[in-house]
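Subject: Handover of a structure, with notes

Dear colleague,

I am passing on to you the structure shown below, together with some notes on what was found in it. Please read the notes with the model open beside you.

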Amino acid sequence: MTLSADGRTLYVALQDAHAIAAIDTTTLAETARYPVPGGLGPSSVAVTGGELWFSYWGAHPSDPSGIGSVDVAAAQPAVAVDPAQDDWQSAPLLAVSPGAPGTLAAGDWNGVGESSVIPKVAVFQVSQGTLVSTAVLNKFVGLTDLAVTPDGKELVVATDPPGSAFAQPDPQVYSLADLSLLGHYGETGTEVNGVAIAPQGTVAASVAGIPEVSVYPSGGIGASNSFSFAAGTVPADRGLAWGANGTELFAVTQDIRNGTNPVLHIMLDPEQAPTTARLVAPAAVRGTAFTIKGRLQAGGVPAIDPGAVVTVTRTDSATGRTVALPAAKVGFYGTFSVTDQVAVAGSYTYQAGFAGDPEHTPATASVTVDVARTATPLTLGSNAPTYAYGATATVTAHLGATTGDRTVSIYAQPSGGAKVLVRTGAVDARGDLSTGYRVTGATTLTAVFAGDAGYDAPATATAAVQGYAGVQQTLAGSYGSASYGHVLYRLYHRTAKPVLTATVLPDKAGQCVVFQLQKYSAGSWRAVATTGCAKLNSASSAVLRLPGGYPVGGLYRVDTEYLRSAADHTELDTTGAWQYFAVRA
């Protein structure tokens, strides 16, 4: 089948009827029929040079095939057969192009090179029913289809010659002027059974036995797109055609087993490779520049040209406001990036858009970036690492630069106890907030900055302080007191028996204390006795009963040392204050 130059008439070769029918493309009514004499069977038809050209099969299998014409513009169209063109092995396939008016290309369909007539491809100039050969290429085996490029300069030839010595990578491209080989599409070894060329030069090719059609940009070797069909089907021989504007590709498939159940497939914008876009979200903090990276990937080649433009927008999820960012340029391998910076933390959606080009479909991608609030510097310290039981620690929190709120809270949690708020308030001009805290044991101190929405992140700082256990001592049994130097001594008779009661704070019932007795002699204090572990009773107390009978005039002192066990993690070891006593008559 072929259309007239004005598209109003469809010419159809009726091989078995030995005629060519003319059909009105508007009404689909047959308007004329041109009988082909001699029992010849018309096969391929083409319109060029103002005439309708057709190829034919001989009346008998042994008869030669050839090319004829119909002057459809004549008042009484006549069918003519050129006797000089009866040397074809088969009814040749015909191809023409608006870019080469008056030029006709022909090729032996599926020639096998085994008859006395050598299969060939030829190019003719046509005039008033006469063919003048301008180029011939012999030994062209297994030809399945051919088409002339829209500019009329090249002939694209498809072959399906399995195992043939004349096999070529397909489809092949030849000069229409002299049939010199110019190049090819696709890969070596393919067996193409159909080829069609769009008005803009895009080439479509189907491979024999495979449910797929490949699309090639004009002059390119690699496919820019491909289309797959259902398993169990294959493209029909010469089953490809383009729409008039080149945005539609038609393909016919059939059952792979017996060639039945033909199906017409229509593919829109087939020359454009399916393109996808991808964005990767970075870690981001408000007030700091961050970069979003992206990539465009096409389903085939050629790759997207470096310098292609990608538009980028940013949408604030909190306000819904969308702003356009500077466009990104595509680099090698389809990569691109955009750098941004936002003043307020939150969730932002970035969308990248590629408008597409003649070889690639448009593509978009989006990614959500959760921009974090600025990290807030916060420290906490005390004026000492350890404290006596019940002593007051000075605790100071320091808050670094923030955008708004300057409020800090300080908490204390004694070991094994509840966390309590010690103070809340705004830091001073130096960023400090101080408070006092009475230490009774190991305590964890915590400073908390709540942060503010959109700007400064919450912050927490901790510090630990240790406390000594408290030891309270009472020396009983004295009859008075006196000072020697600046030291207060309890006074005892020689026969008295001093009693020292020690109480440890907080409650340490079951833990140990050790008592030590010293005597002043020869200008220094010298140890007299040290007890072993004296367990604290339920009141957290222990009693030391001295035996008495000390010499008159003797000066003595006694104290208590708390020695914590491995089970006590709250207070440190503590020694109580010395208790002094003197013996008189």
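Predicted model: local features only at pLDDT ≥ 70, side-chain atom pairs only at ≥ 80, totals over all residues.

Residues are numbered from 1 along each chain as its sequence is written, and side-chain values use heavy atoms, with hydrogens and water left out.

Asp145 sits in strand β13, which covers residues 143-148; helices (H or I, at least four residues) and strands (E, at least two) are DSSP runs, numbered from the N terminus. A polar atom of the Asp145 side chain lies 3.0 Å from the backbone nitrogen of Val195. If neighbours within four places in sequence are set aside, Asp145 is in contact (heavy atoms within 4.5 Å) with residues that include Leu93, Val157, Asn193, Val195 and Arg238.

The largest pocket has a volume of about 1,900 Å³, and of the 47 residues that line this pocket, Met1, Thr2, Leu3, Ala241 and Trp242 are the closest to its centre. On a 1 Å grid over the protein atoms alone, a pocket is an open set of points with protein on both sides within 12 Å along at least five of seven lines, a cavity is a set of points where a 1.4 Å probe fits but cannot get out, and lining residues have an atom within 4 Å of a point. Grid points are joined across faces, edges and corners, and a volume is the space filled by probe spheres set on the points. Strands that each supply at least two residues of the lining of the largest pocket include β13, β17 (192-197) and β21 (233-242), while β5 gives the most, with 6 residues.

Ala198 is found in the loop between β17 and β18 (203-207), and counts as buried because its relative accessibility is 0%. Although Ala198 and Gly246 are 48 residues apart in sequence, their C-alpha atoms are 5.1 Å apart in space.

Asp340 belongs to strand β29, residues 335-340, and is buried, with a relative accessible area of 10%. Its side chain makes a polar contact with the side chain of Arg314 at 2.7 Å and another with the side chain of Tyr350 at 2.6 Å. A polar contact is a pair of N or O atoms within 3.5 Å; within protein, one must be able to donate a hydrogen and the other to accept it, and residues adjacent in sequence count only if both atoms are side-chain atoms.

Tyr350 is also one of the residues that line the largest cavity, among them Leu279, Phe336 and Ala352. The count comes to 1 cavity of 30 Å³ or more, and about 30 Å³ of space lies in the largest cavity. To its lining β30 (346-354) and β29 each supply at least two residues, and β30 gives the most, with 3 residues.

**Salt bridges**

The count comes to 8 salt bridges. Lys508 and Asp568 meet in one of 3.0 Å, N to O; Lys508 lies in the loop between β43 (499-505) and β44 (512-521) and Asp568 in the loop between β48 (555-563) and β49 (571-572), so the pair ties together parts that are 60 residues apart in sequence. Both Lys508 and Asp568 are buried. Arg33, by contrast, forms a salt bridge with Glu30 at 2.8 Å, where Arg33 is partly exposed at 44% relative accessibility and Glu30 is partly exposed at 42%. Finally, Asp428, Arg430 and Asp432 are linked in a network of salt bridges.

With kind regards

Terms used
Buried < 20%, exposed > 50% of the residue type's maximum accessible area, 1.4 Å probe, protein only. Salt bridge = Lys/Arg side-chain N within 4 Å of Asp/Glu carboxyl O.
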